[in-house]
Amino acid sequence: MKTIITIGRQFGSGGKEVGIRVAKELGIPFYDKEILREAAEKSGMCQKIFENFDERPRSLLYSLAMDSYAFSAPGVGAGDSLEQQVYLATFNTIRRLADQGPCVMIGRCADYALAENPNRLSLFIYAPMDVRIARVMERHQLTAEKAKSLIIKTDKRRASYYEYYSAKRWGAIDSYDFCLDSSYLGLSGTVELIRTMVDQRENPVPSPTEIDPTR
């Protein structure tokens, strides 16, 4: 198996759970926060810095405040801002992990980082707002109003991060190989659909015309 699956996701869509289950059923690594830990370890910077910048839009005031840390942080050189160095370290970590073999990666512009990788299968998982509200209410023990507010805030943050670094539109159909509504087939059905995609990609079935060009 060679396929590297990248998953962008709306908050509350179940995208992370889908990714975990796909990785488990295919017997391949799953990377989410692990990307940040690996990037911090390789760069020599504190993991907390990566968590502070994780899938967050560029904030001038916050960046200026954090950049003061760059003068004393190990592994940080002159030139680029701390924010840029965190992104580059994350970008390089995604590529390094992909070089190790098939896996599932969640968010962090992984599809963009691996744009030139022929084994990449980029997906975006979404769901209707009412479905997401219900899931977030249950997961975080929130009221419907607070759940919706958290969803909107988180999606806005993820979209700003993705669009700033990739110059593509977050969640747009032309930014990914496939966009999947996780409510249509349910999480289990979505997992099975992705497994079918991977199987077809790994073992393509030739069409009748490919078997016999004269037909």
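A residue counts as buried when its relative accessible area is under 20%. That cut-off applies at several stops of this tour through a predicted model.

Start with helix 2 (residues 33–43) and helix 5 (residues 82–99). Their axes come within 9 Å and cross at roughly 110 degrees, which makes helix 2 roughly perpendicular to helix 5. To display the contact, select Ile35, Glu38, Ala39, Lys42 and Ser43 in helix 2, together with Ala89, Thr90, Thr93, Ile94, Arg96 and Leu97 in helix 5. By class, five residues of this contact are nonpolar, three polar and three charged.

Next, turn to the aromatic rings. The structure holds nine aromatic pairs. Select Tyr87 and Tyr165: this pair is stacked, at 3.9 Å centre to centre with 10 degrees between the planes. Tyr87 belongs to helix 5 and Tyr165 to helix 8 (residues 144–166), so the pair ties together parts that are 78 residues apart in sequence. Tyr87 has 10% relative accessibility and therefore counts as buried; Tyr165, at 14%, also counts as buried.

Now select Tyr162 and Tyr176. Their ring centres are 5.8 Å apart and their planes lie at 20 degrees, so this pair is stacked. Tyr162 is in helix 8, whereas Tyr176 is in the loop between helix 8 and strand 5 (178–181), so the pair ties together parts 14 residues apart in sequence. Both Tyr162 and Tyr176 are buried.

To see a cluster linked by ring pairs, select Tyr87, Phe91, Tyr112, Tyr161, Tyr164 and Tyr165.

Finish at Phe11 and Arg139: Arg139 lies over the face of the Phe11 ring, 5.8 Å from the ring centre.

Key. Residues numbered from 1 in each chain as written. Predicted model: local features only at pLDDT ≥ 70, side-chain atom pairs only at ≥ 80, totals over all residues. Heavy atoms only, no water. Axes fitted to C-alpha atoms, helices over the stretch in contact; angles between N-to-C directions. Helix = DSSP H or I, 4+ residues; strand = E, 2+ residues; numbered from the N terminus. Parallel < 35°, antiparallel > 145°, perpendicular 65-115°, else oblique. Contact = heavy atoms within 4.5 Å. Nonpolar A, V, L, I, M, F, W, Y, C, P; charged D, E, K, R; others polar. Phe/Tyr/Trp six-rings, centres within 6.5 Å; stacked < 30°, edge-to-face > 60°. Buried < 20%, exposed > 50% of the residue type's maximum accessible area, 1.4 Å probe, protein only. Lys NZ or Arg CZ within 6 Å of the ring centre and 35° of its normal.
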